[in-house]
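Please look over the model below before reading on. The briefing covers charged pairs first, then the sheet and the helices.

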Amino acid sequence: SHEYVRKGGAAARMMLVQAAANDWKVPASECSAENGVVTHKASGRSLRYGQLAAAATKVEAPKDVPLKDPK
């Protein structure tokens, strides 16, 4: 079940990043998520996960979720 939980977390993170990118009208690839915050470095904007939660529910869940190296 460990991998199942990791995939769920990764999917949620991707949806939060996409929600922020949609709000800022920038590509999601330009955004990063770390320590509960999504950031767009080029503009200096950032939003906490809690601020994005409602918008993230409207983002389609990714079908293929890449996982970070567990290290």
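Why are Glu3 and Lys7 separated by about one helical turn? The two residues lie 4 residues apart in helix α1 (residues 2-24), so about one helical turn separates them. The model is predicted. A search of the whole structure finds 2 salt bridges.

- The side chains of Glu3 and Lys7 form a salt bridge, with N to O at 3.5 Å.
- Glu3 is partly exposed, at 47% relative accessibility.
- Lys7 is also partly exposed, with a relative accessible area of 40%.

**Salt bridge of Lys63 and Glu60**
- Lys63 pairs with Glu60 in a salt bridge, and their closest N and O atoms are 3.0 Å apart.
- Lys63 is exposed, with a relative accessible area of 76%.
- Glu60 is exposed too, at 61%.
- In general, side chains of opposite charge can pair when their charged atoms come close.

**Sheet**
- An open sheet is built from 3 strands in the order β1-β2-β3, with antiparallel pairing.
- β1 (31-34) and β3 (45-48) are the edge strands, and each pairs on one side only.
- On average, neighbouring strands of this sheet are turned by 20 degrees against each other, direction ignored.
- Strand β2 (residues 37-40) pairs with β1 over 4 bridges, in the antiparallel sense.
- Glu34 has Val37 of β2 as its bridge partner.

**Helices on the sheet**
- α1 packs on the sheet and touches β1, β2 and β3.
- The direction of α1 makes about 45 degrees with that of β2.
- Helix α2 (residues 49-56) lies across β1, β2 and β3.
- α2 runs at about 80 degrees to β3.

Technical notes. Residues are numbered from 1 along each chain as its sequence is written. This is a predicted model: local features need pLDDT of at least 70, side-chain atom pairs count only at pLDDT 80 or more; totals for chains, interfaces and linings use all residues. Side-chain values use heavy atoms; hydrogens and water are left out. A salt bridge is a side-chain nitrogen of Lys or Arg within 4 Å of a carboxyl oxygen of Asp or Glu. Buried means under 20% relative accessible area, exposed over 50%, partly exposed in between (1.4 Å probe, protein chains only). Two strands pair if DSSP finds at least two bridges between them. Axes are lines fitted to C-alpha atoms, for helices over the stretch in contact, and angles run from 0 to 180 degrees between N-to-C directions. Contact means heavy atoms within 4.5 Å.
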